[in-house]
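Hello,

Here is the two-chain structure I promised to pass on to you.

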Amino acid sequence: MKVLIPYLKRYWVNATVATVAVLVLVFATLWQPRLLQTVMEAIMANDKSTVWQDGLWLIALAVIGIIAGIINTVYSAKLALGVATDLRADLYQHVQKFAYADIETFSASNLVVRMTNDIQQVQGVVMATFQQVTRIPFLFLGGLILALITMPQQWWVILIMLVIIVAVAIVAFKQLSRLFGRTQQLIENVNTVARENLMGIRVVKSFVQEDNQIATFAKPSDELRDVTTRIGEVFAVLMPAFFLTANIAIAVAVYLVGQEATLHPTYIAAISSFTSYLSQILFAVINGSFMMTFATRAFISLKRINEVLDHAPSMTFAEGPEREVAGNITFDHVTFTYPGDDKPTLQDVSFTIAAGDMLGIVGATGSGKTTLAQLIPRLFDPDSGRVLIGGVDVRDLPEKTIRDAVAFVLQRSTLFSGTIADNLKQVQPEATSATMRRAAEIAQAAEFIERLPEAYNAPVEERSANFSGGQKQRLAITRGVIANPEILILDDATSALDAESEKLVQEALDRDLKHTTTVVIAEKISSIIRADQILVMDEGRVVGAGTHRELVANNTIYQEIYQTQKAKEGRLPA
Amino acid sequence: MKDLKIAGRYYWHYLKPYGWGFLFTAILIGISTACVVIAPTYLGRAISELTEYLKLWSNPATRGGANLADFHGTLIAYVLFYFGDASSLLIASWLLAKITAYSTGTMRIGLFRKMQRMRVQYFDQHSDGDILARYTSDLDNIFNALNQALIDVFLAIAQLIGILIMMFNQNVTLAWITMATTPVALGLAAFVMHKAAAAVDQQQTDVGALNGYINEQVTGQKVIITNGLQKDSVAGFQVHNQTVRKTAERGQIWSGILSPLLSGLSLLNTAIVIFAGSWLALNGQMSTGAALALVVVFVNYAQQYYQPIITLTSLYGMIQLAITGARRIDEVRSQPDEVRPVNGKAINGIKSELKIDDVRFSYLPGKEILHGVTIDVQKGEMVALVGPTGSGKTTVMNLLNRFYDVDSGQITIDGVDLRDLDLTQLRQTVGIVLQDPQLFTGTIADNIRFGEPTAGMDRVIDAAKQANIHDFIISLPDGYDTKVSDEQNIFSAGQKQLMSIARTILTDPRLLILDEATSNVDTVTEAKIQKAMDNVIQGRTSFVIAHRLKTILNADRIVVLQHGRIIEQGSHQELLDEHGFYAKLYRNQMVFD
């Protein structure tokens, strides 16, 4: 809740106008019965002028009510949207300060939910608060006070009614929130089965499991049906019970008025207003409890948003002017453990690669290849040891310097929606069509880009869905090389390229980016066979280093990998 | 309008069985409404009886005859009417809750059942998200509407009818006056709702764009970090965020003002009724007392009269969503089912050969994928399909299992066309291992015996051993009872692939189709999978769709497909000697010293 206060303060004018409008609205609602009463009295007294006068007042009250209602809606909407927009912007900007580890802590999809659904919830509750909720306490208190003024002797009837209603509401809504929780769970289960069957429809059909899957689906679905029936039953009892309680209270009050009619005869005239005040109290309690359940969800959302805002980015970069760094890389006894893991992913890794050289990294899945590469542009910091580029510890370099010096191409690094040129200019704002072309040629992408009708201005769809796997990778490499980085990391970035194109990419890198150090992580030996140095990784350790020939001769793990990819013995094709 | 007709048909289908329930509910709601309308008159009577009593009591002469018996009786009647209201409303809501839960339950299972019967084509042509939305948002909208709107609509209509009857009973002139503003109110409501619909549409579009942007950027956050693009990302976000602020504000305002507007109009209408009533009272032929009573009664009616209208307009959006939801689900319901031959011929394994004979096939009319493919496979042979992406390799698998049917030509097993065979038996004969091994929520054991849920543990373990995954499974703390779930990826792609192979081994199919995994598996794991595949191929007729040539060097025959035609065919060595496409592919993929 505290999170919201600064935002509400920022829009205090809107909040105030909305609240004042609500007060006017409540006043109009409570005033109307009184006015009616005077009109009635005037009719009884045959007093035409008062009838006209108060009748006009009644119309004025209605018009004031409409205007106040509209003003309230307009300013509540302005307030809610202002708060939601600013909160979302702050959240987004905060997430943009996050380091790799922070993204992994929350997971990307989770962060997306917080910025979309959760903000939506908060927006809804702010809107509802200033439209509805502020009205409830006023109506409740107004009704209560007026009821007490009308029949002070009967305070205990009101009290008993309130106690019963509130008790019923508490019991019912407690049960309801449990049932709602269960419903949520069951809906998720139902969706999981549906999703699995959608994705695995071929498996289901080929194993002829349609009927069994229907039975699997029926289980959560039937339970969901039963739980929703239970919820319906609670509501079916709840509402009539409220009304019955209120009406019994009225009957009791009237009965008591009857018993004491001879003592307080004036009370008889007050019965009808007493009745309407009691129903006002009842409505306030009912609406209040509904708002509570609604608000609970928003509070959960607010908590989730706050978690992100409270999470300080796990990494800060050195301040200072940008500087040039050379492309040589050194790992000096580096050990690294992922947050939350108990076993280090990298253990005592040391190596050096000269500027302009090519480093290959091979090893089984999970051996730490990608982790090693991620330490170079300081996506994570090591537990111990040092990572140096250009002879400087990366922790001493400003962020911009590192980002300019190191280009990291991930296996699944898609472009963002926009055009190809937009994506390239994001990395290299001064890029001309000649620069773009040169980069695309290195990545072997120029040919297919230039065959597109709009060439470099061709649109990129979300997730680069309009390009094939190989094209995506070539585009990503184009983006990687366009700014002439000192260090280029290709993390399995050529897996969808055939050997021929891959060779052409590497030759182009050799030729056109002579001073760029290239780090290549690959499953295929053929991708790194030309490297100046190859690191063989196994369970977080470097178990071999050298050229292809050296490793083939003396490294067993390298030999094992190589065996699986080597051409079959026998006649070699020409 | 067309939507309405489709939705009507859909709801008719699912709600028809509850006809008696609805009738009963309607009667109960009628009773409840009658009670609610009648009960206040008893309160009035109680007050006048009390006044009478007071009058008698105040006069010493009649004081002896004054008693509260009538008053008490009336009060009891008052409470009884509310009991009647509460109990009939309770039963009605309970009935409707049950009807809603059961009918939406049937809809949900009906949708799932339909999905299991539909042709694979539908799933290939629609995104998973779009189909899944039928379960999530569409069924949800239908449930909400049935759950909340149904009873409110019933009540509102009953209330409206009740009030109209009472009003016309009391005074026809005042009744017409009370109704006079209705067209204005409805016209205004229609105007605001129209505006709101347009504004909310725009809001949804812009919110969708914003959420899409956030999703794309944050999902690609690692790319943003590695390229240092944070500033650009924020700048792009701000544009969307501010647009949403503007359009959502409009949407919220237009959809938010309807309720205060109508409440205000109701108040205005009340004032008009008072004017008219007092004019009648002061200028009419009635006695002041009678006129006053009439005004009091009509003020009450005027206030209640708008309530059903307000309820119905506020439910409009919900009902609209339920109509759209029904239309979207009905679209799935009207899809054709898989074609199953009537009295399909029995099939018991493959006795001599499988023949693909001059098969032509297209997924979309006019875009032929296979242009006359012929492959003969003898029992026990292993045939490998090789070719670039889009050459039609995977299509052959789709045809063998009858996920799709050929356009022309035929596929036969021992001379019988696949389309004449019993579909269930055919699929039991053909086993497939897919590129992307979809596992299902449950334990590892459940997944291995997926094809035969009654299989004993010994057979599960045996299959796992043959698939080279037994050792890994027993190394897990929970062994074969380890939970598999879609969300947590505790298994690597390679391990999942091995489990899916075990799953196929267990069913012991006579014809095997293996679609090889392409990426995300390192070559050492790949070798392991290869060994498992060799085990499973042993003694069976098989097709292997190969992406890496290493796995198919021992095939009896290698068929090279390109653009839907067979361009080369033969053993590994024969194809190498041809120096053609295959030989080039082989050179590209392998490492040579």
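On the face of H6(B) that points away from its buried side sit the exposed residues Val172(B), Thr173(B) and Trp176(B). The helix itself runs over residues 172–180 of chain B, and its buried residues are Leu174(B), Ala175(B), Ile177(B) and Thr178(B). Viewed down the axis of H6(B), the buried residues stay within an arc of 165°, so they line one face of the helix. The arc is that of the directions from the helix axis to the C-beta atoms. "Buried" here stands for 20 or more other C-beta atoms within 10 Å of a residue's own, "exposed" for 12 or fewer, and "partly exposed" for anything in between, with C-beta atoms placed from the backbone. Helices (H or I, at least four residues) and strands (E, at least two) are DSSP runs, numbered from the N terminus.

A word on the source before going on. This is a predicted model, in which local features need pLDDT of at least 70 and side-chain atom pairs count only at pLDDT 80 or more, while totals for chains, interfaces and linings use all residues. Residues are numbered from 1 along each chain as its sequence is written, and chains are lettered from A and ligands numbered from 1 in the order in which they are written.

Now to chain B as a whole. It has 20 helices and twelve strands. The radius of gyration of chain B is 37 Å, well over the 25 Å that the globule rule gives for 593 residues, so the chain is more spread out than a compact globule. (The radius is taken over C-alpha atoms, and the rule is 2.2 Å times the number of residues to the power 0.38.) Along the principal axes, the C-alpha atoms of chain B fill a box of roughly 130 × 55 × 50 Å. Of its 593 residues, 40% count as buried. The domain assignment, which is automatic or from a database, gives chain B domain 1 (1–117) and domain 2 (353–589). The C-alpha centres of these two domains are separated by 64 Å.

Chain A also has 20 helices and twelve strands. The box filled by the C-alpha atoms of chain A is roughly 120 × 60 × 50 Å along the principal axes, and 43% of the 574 residues count as buried. The assignment for chain A lists domain 1 (1–133), domain 2 (136–314) and domain 3 (329–565). Between the C-alpha centres of domain 2 and domain 3 of chain A there are 57 Å.

How do the chains meet? In the model, 120 residues of chain B are in contact with 124 residues of chain A, where contact puts the C-beta atoms, placed from the backbone, within 7 Å. Helix H3 (residues 69–117) of chain B gives the most to the side of chain B that touches chain A, with 23 residues. By class, that side of chain B has 67 nonpolar, 39 polar and 14 charged residues. (Ala, Val, Leu, Ile, Met, Phe, Trp, Tyr, Cys and Pro count as nonpolar, Asp, Glu, Lys and Arg as charged, and the others, Gly among them, as polar.)

For chain B, the unreviewed entry lists several stretches as "transmembrane region", among them 20–43 and 253–276. Residues 20–43 of chain B are 100% helix, with end C-alpha atoms 35 Å apart, and residues 253–276 of chain B are 96% helix, with ends 34 Å apart. For chain A, the unreviewed entry gives "transmembrane region" at stretches including 56–75 and 277–300. Residues 56–75 of chain A are 100% helix, and the end C-alpha atoms lie 28 Å apart. UniProt's "domain: ABC transporter" (unreviewed entry) covers residues 329–564 of chain A, a span that is 36% helix and 25% strand.

Finally, two residues to look up. Asp492(A) has a positive phi near 50° without being a glycine, and it lies in the loop between strand E9 (487–491) and helix H17 (499–512) of chain A. Arg402(B) likewise is not a glycine and has a positive phi of about 55°; Arg402(B) is buried, with 23 other C-beta atoms within 10 Å.

Best wishes

Definitions and conventions:
UniProt positions are given in the numbering used here, feature names are shortened, and annotations may be inferred rather than shown by experiment. Two residues are in contact if their C-beta atoms, placed from the backbone, lie within 7 Å.
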